[in-house]
Amino acid sequence: MATTSEDVWRLLAELTTAQKETDRQLKETDRQLKEVSQQQKETELLLKEVSQQQKENAQQQKETDKQLKELGKQIGGLGAKFGSFTEGLALPSMETILRQRFGMEVVSPSVRASKEGQHLEIDVLAYTNGELNTAYIVEVKSHARQEDITQLKSILQRFRRFFPEHKDKKLYGILAAVHVSSELREKILQEGFYVARIHDQVFELDIPDNFQPRLY
């Protein structure tokens, strides 16, 4: 078949149209590649920011842990200081009670004993020999709690094992506290322990007239 000039121009027109479509598709592909590249850059930047934030968070957590640890030490130290303050506040007035009210000759604060791997700590130990032949154990608390009754009872029950030299003495317990509820006071008295409470910055016995202490 003979090719006419019209066929040639038609083919050229089709080629031109196809070339334009190819150029358009190439431009669109290039645009999409640029968008993908930009998204990758943004993603990498975001990942860097996340990584940096994680590092900062980890550092902040370390700082927070350090501060909490330091705060724990300070609180523990404050509790120990307050306990020492309470015992120091109790000792002069308790010594007066133990000597004048109960006739004790020896009053010793912070008594610690160890025997066969076991330990016993007493806030105040007072005793006298001779005719009275009696000992008192005083536990001093800032806020009296139910478990303090159990603790004092345990100390009294184990006392003679750690101090056999006092095994023949009559033994009594006193719970001295800055703060003690009325309900807990009754429980302490029911256990046969003396109660001492702060009044005008000194400890005083807080017991009824008919109180009968329990002998250990």
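Is Arg161 buried, exposed or partly exposed, and what is its relative accessible area? I looked this up in the predicted model and found a relative accessible area of 38%, so Arg161 is partly exposed.

**Entry 1: the partner of Arg161.** I next examined the salt bridge that Arg161 forms with Glu116, where the closest N and O atoms are 3.1 Å apart. The pair links distant parts of the chain, 45 residues apart: Glu116 sits in the loop between strand E1 (106-115) and E2, and Arg161 sits in helix H2. I recorded Glu116 as exposed because its relative accessibility is 67%, and the cut-off for that class is over 50%.

**Entry 2: strand E3.** I turned to strand E3 (residues 134-143) and noted that eight of its 10 residues are buried, so the strand is largely enclosed by the rest of the structure. On one pairing, I found E3 antiparallel to strand E2 (residues 118-128) over five bridges, with Ala126 opposite Tyr136. Five residues separate E2 and E3 in a hairpin, and Gly130 in the turn has a positive phi of about 65°. I also found E3 parallel to strand E4 (residues 170-179) over nine bridges; Ile137 has Gly173 in E4 as its bridge partner. From E3 the chain passes through helix H2 (residues 146-162) to E4, a right-handed β-α-β crossover.

**Entry 3: further salt bridges.** I noted 14 salt bridges in the structure. One of them joins Asp148 and Lys141 at 3.9 Å, N to O, and both residues are buried. Another joins Arg197 and Asp206 at 2.8 Å. Arg197 is partly exposed at 26% relative accessibility, whereas Asp206 is buried at 18%.

How values were computed: Residues numbered from 1 in each chain as written. Predicted model: local features only at pLDDT ≥ 70, side-chain atom pairs only at ≥ 80, totals over all residues. Heavy atoms only, no water. Buried < 20%, exposed > 50% of the residue type's maximum accessible area, 1.4 Å probe, protein only. Helix = DSSP H or I, 4+ residues; strand = E, 2+ residues; numbered from the N terminus. Pairing = 2+ DSSP bridges. Right-handed = clockwise from strand over helix to strand, strands pointing away. Salt bridge = Lys/Arg side-chain N within 4 Å of Asp/Glu carboxyl O.
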